[in-house]
Each structure stands twice: as C-alpha cells, then as structure tokens.
Amino acid sequence: MINYVTADEAVSHIKSHSRIHLSSVASVPHILINALCRRADAGEVEDLHFHHFHTEGPAPYSEPRYEGIFFDQGFFIGPNVRANVNTGYADYLPVHLKDSQLLYRSGALKLDAALVSVSLPDADGFVSLGTSVDCSLAAVETAKLKIAVVNPNVPFAYGDLVHISTFDYLVEDNTPLVTKSFAEPTETEKLIGRNCAALVEDGACLQMGIGALPNALAAELTGHKNLGVHTEMFADGVLGLIKKGVVNNACKKIDTGKTVASFLLGSDEVYSYINKNEAVLMKDIGYTNDPWVISRNPKVVALNSATEVDFTGQICADSIGTRIFSGTGGQLDFVHGAVMSEGGRSITAFASRTNKGKNKIVSAINMGGGIVTPRADAHWVVTEFGAVDLFGRSIQERAKLMISIAHPDDREMLDREAFERFGPHYHNFSI
C-alpha cells in the first residue's frame with residue numbers, strides 16, 4: 001500500500017538555503033510550489049534556489065514579492081520567468097542541455113530536494129517521469145530529499161523508470177498537465193519549412209522541437225518515407241507524421257523502430273500517445289543529447305533556430321542583445337551530433353526579419369548577444385529566401401551567401417556593411 005501525505009507536509013521537510021529541482025515543461029509540480037508559497041507567506045523559509053528546464057504555468061518562485069525567499073536559476077528561460085530574469089529578480093544558468101544532468105551527478109550543483117511529477121506505478125512499483133525525464137532523473141538520483149507528485153494524468157512512458165520506493169514522500173494530485181497549441185504557420189514559415197524539407201532525405205533521423213517552424217517543416221514532410229526521430233523534445237507536428245506512417249524509425253541504427261525524446265509539450269493527444277506505448281522511449285537528457293549517441297543514427301537532420309546570425313556564421317539563439325530570451329538548450333548538442341552522423345545535416349532556420357521588421361541577418365551580433373553556435377560549427381542556414389551551406393566557406397564568402405538569403409529590402413544595406421567590414425577586395429570575387 002502506498003502512503004500519501006499532503007503537499008504541505010511534504011514540503012515542510014525542505015529547509016531554508018536549499019537547492020531545489022523542479023520537473024519541467026508540462027509536468028511542473030504546482031501543488032508543491034503552492035505549498036512552498038504558503039510556507040514563504042508564513043515566514044517559515046528563506047533563500048530557496050530553484051533549478052529546472054523551462055516551465056509552463058505560474059512561476060511564483062521568480063517573482064519580486066518573494067525576493068530573498070525564492071531565487072530562480074533556470075537552465076532555460078521560458079515566457080513565465082523572462083521578465084523577472086531580465087530585471088534581476090531571477091537568473092539564468094547557462095548550460096548545454098546534455099550537461100544539465102551532469103550538474104547534478106558531478107556535484108557541481110548539490111541538490112537538497114527534487115520535486116517531480118510521476119505516473120501511477122505499474123505492477124512492479126515503477127513509475128515514469130512522463131513528459132519530463134530530462135535532468136529530473138539525475139535530480140531524483142542525487143537529491144537528499146525526494147518528493148513525487150503521483151498524478152494519473154502523467155503518462156507512463158517507457159524508457160528510464162524510477163521505483164516508487166525511491167521517494168521519501170508521495171503526494172496525490174489529479175491536475176491535468178499543461179497543454180500547448182500553436183497557430184497555423186504563416187506564409188513566411190511555410191516557405192522556410194519548404195526550404196528545410198528540401199534538405200531532408202528519405203530515411204533521415206530528425207531532431208525538431210516545438211513551435212511554428214518545426215510544425216511548418218512537418219507539414220512539408222508528408223511525402224517523405226521512413227523518417228526517424230531522435231530528439232530532445234517533440235510535439236504535435238511529429239505526432240502527425242507518425243500517424244501518417246512517414247515516421248516509422250525503420251532506418252535508425254540504434255533504438256530502431258522507436259521514437260526517442262526526453263521531454264514533451266503539446267496536446268493531450270501527444271501525452272496519450274506516449275502512455276504505455278512501446279514505440280516511444282523517454283530517456284535521460286544525457287542520452288538523448290549526447291552527440292556520440294545522436295551520431296550513431298545515419299542521416300541525422302538537426303533543425304534549430306536563431307535570434308540573429310552574422311556574416312561569419314555566428315549564431316545567436318539565447319538572447320537579444322543583453323536580454324536573455326531562452327537558453328543554450330540542446331542546439332550545439334545536436335549540431336555536433338548531426339555533423340558527426342553519416343550523411344547528417346545541421347540546419348539553422350529563421351525568418352529573415354523579426355515581426356517588427358528588423359533584419360536578423362546582421363554584419364555583427366548585437367552587443368551582449370550570446371553565441372550559442374560558433375561560426376566554425378555553422379553549416380546550413382535557411383530563411384524564406386533560400387538555403388546556403390557555410391561549411392568550407394571563408395568569412396567573405398559567407399557574407400555573400402548570407403546576404404543572398406536576407407530580405408531583399410535589406411540586401412543593399414548589408415552589402416554596404418560587408419564592403420565596409422572587408423574592404424575594397426570584397427567585391428572582387430564571386431561565390
């Protein structure tokens with residue numbers, strides 16, 4: 001028989017000055033966070049540091065009203081904490097997602113508590129971390145105090161499981177997981193998806209996350225055959241390809257026949273799909289994002305995005321100037337894995353301009369912008385105006401290639417900037 005306690009009793013064992021891991025994305029244990037807020041409001045606790053991937057839903061642990069009591073230090077910044085990070089009430093801890101688990105396992109971050117959501121146990125007492133395996137498995141392994149919210153809405157996903165006896169306290173909850181839907185791709189996004197799809201061969205193994213661009217790419221892949229998926233996360237776009245038989249994972253050399261991911265965000269249909277489905281493996285982020293593991297499958301295509309890319313191929317993806325926007329994520333993990341894969345391709349795709357009409361292909365990255373993918377790691381770059389391969393190209397050649405896929409109204413300005421940067425010889429060769 002499983003003995004449950006209330007959320008308030010469970011978090012009463014968390015001491016001041018603790019470092020706390022939260023399961024992330026769709027599986028945030030809000031019932032425990034709310035209980036911690038009650039303790040904070042009562043003056044019972046102070047100086048709690050929170051670590052997690054991006055989280056969905058309210059994030060009181062980042063809010064100014066809890067200054068000195070809570071301090072959020074996420075590994076990836078979502079919309080719910082972005083403003084507080086950029087005003088200093090919360091913080092960003094840069095790390096490649098493959099190394100997030102290493103922060104815990106190496107002791108670089110010594111966890112006092114792990115607060116996670118899990119599925120109902122199976123007949124042998126094992127539970128699944130469901131939609132948030134990521135670095136939560138490492139957190140459960142290493143934290144001094146382990147608290148699980150057992151929720152029937154958390155899917156029992158095969159892959160890396162945990163025995164329920166691992167936890168010190170169990171809390172019951174029946175709150176539905178956070179879902180997310182995405183608008184239909186715009187005409188610009190459809191063009192980008194089409195240009196990316198032209199680079200995907202039959203039998204390729206895909207890494208593509210969530211959002212308009214991955215969905216636009218998925219919509220353009222319906223005529224492909226025998227695609228596979230090994231990714232850090234997926235959503236409804238990939239599920240649609242699975243249902244159509246486009247994704248069958250038949251050509252994968254490892255985890256053949258299985259879709260592999262580490263965390264999810266999407267519709268209830270996505271969550272239901274992974275429940276007790278032997279065709280899906282939800283694995284530790286140290287496995288899914290290991291470049292060597294990624295590269296063992298042939299024809300890996302990694303699709304990533306950017307906030308800015310400069311003439312030389314420096315890819316900024318976590319920030320806009322000094323303002324933190326998201327995080328390093330797994331971009332470089334999959335860039336390296338794809339390039340190491342036999343016949344693999346790394347693609348950086350983005351609209352040539354922002355929604356406000358500002359060009360995203362620039363002569364130099366805005367001051368303070370973070371270079372997530374260095375210029376030496378840049379390969380295919382795609383906008384709505386075409387696709388260019390920067391690998392094996394010099395800096396001046398890259399400038400010409402990048403300008404060729406910029407918005408037509410920006411090309412003359414960018415060409416002048418290239419001339420000013422590289423000097424009079426810039427125009428004396430062709431690509």
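Me: Lysine 358 first: is it buried, partly exposed or exposed?
Reply: Lysine 358 counts as partly exposed, at 42% relative accessibility. Keep in mind that this is a predicted model.

Me: And which residue does lysine 358 meet in a salt bridge?
Reply: That would be glutamate 308, with 3.8 Å from N to O. Glutamate 308 sits in strand β17 (residues 308-310), while lysine 358 is in the loop between β21 (345-349) and β22 (361-362), so the pair ties together parts that are 50 residues apart in sequence.

Me: Is glutamate 308 buried or exposed?
Reply: Buried, because its relative accessibility is 7% and the cut-off for buried is under 20%.

Me: Ok, zooming out. How many salt bridges does the structure hold?
Reply: There are 16 salt bridges. Side chains of opposite charge can pair when their charged atoms come close.

Me: Give me another one. What does glutamate 220 pair with?
Reply: Glutamate 220 forms a salt bridge with arginine 194, and their closest N and O atoms are 3.7 Å apart. The glutamate belongs to helix α7 (residues 212-220) and the arginine to helix α6 (residues 187-197), so this bridge ties together parts that are 26 residues apart in sequence.

Me: How exposed are glutamate 220 and arginine 194?
Reply: Glutamate 220 is partly exposed, with a relative accessible area of 26%. Arginine 194 also counts as partly exposed, at 44% relative accessibility.

Me: What about glutamate 269, which partner does that one have?
Reply: Its side chain meets lysine 243 in a salt bridge, at 1.9 Å from N to O. This pair links distant parts of the chain, with glutamate 269 in helix α9 (residues 268-274) and lysine 243 in helix α8 (residues 236-243), 26 residues apart. Glutamate 269 is partly exposed, at a relative accessible area of 41%, whereas lysine 243 is exposed, at 56%.

Me: Which residues are linked in a network of salt bridges?
Reply: Arg105, Glu141 and Asp284 are linked that way.

Me: New topic: sheets. What's the strand order in the open sheet of 4 strands?
Reply: The order is β22-β17-β18-β23, and the pairing is mixed. The edges are β22 and β23 (371-373), each with a single partner strand, so one side of each has no neighbour in the sheet.

Me: Which helix lies across β18 and β23?
Reply: Helix α12 (residues 331-340) does, running at about 30° to β23.

Me: And why is α12 called largely enclosed?
Reply: Because 7 of its 10 residues are buried, so the rest of the structure largely encloses α12. The buried ones are Gln331, Leu332, Asp333, Phe334, Val335, Gly337 and Ala338.

Me: Last one, valine 293. Where is its place, and is it buried or exposed?
Reply: Valine 293 is in helix α11 (residues 291-295) and counts as buried, at 6% relative accessibility.

Me: What's valine 293 in contact with, leaving aside neighbours within four places in sequence?
Reply: Valine 293 is in contact with His230, Ile254 and Tyr287. As for lysine 190, which is 103 residues apart from valine 293 along the chain, the two C-alpha atoms are separated by 31 Å.

Technical notes. Residues are numbered from 1 along each chain as its sequence is written. This is a predicted model: local features need pLDDT of at least 70, side-chain atom pairs count only at pLDDT 80 or more; totals for chains, interfaces and linings use all residues. Side-chain values use heavy atoms; hydrogens and water are left out. A salt bridge is a side-chain nitrogen of Lys or Arg within 4 Å of a carboxyl oxygen of Asp or Glu. Helices (H or I, at least four residues) and strands (E, at least two) are DSSP runs, numbered from the N terminus. Buried means under 20% relative accessible area, exposed over 50%, partly exposed in between (1.4 Å probe, protein chains only). Contact means heavy atoms within 4.5 Å. Two strands pair if DSSP finds at least two bridges between them. Axes are lines fitted to C-alpha atoms, for helices over the stretch in contact, and angles run from 0 to 180 degrees between N-to-C directions.
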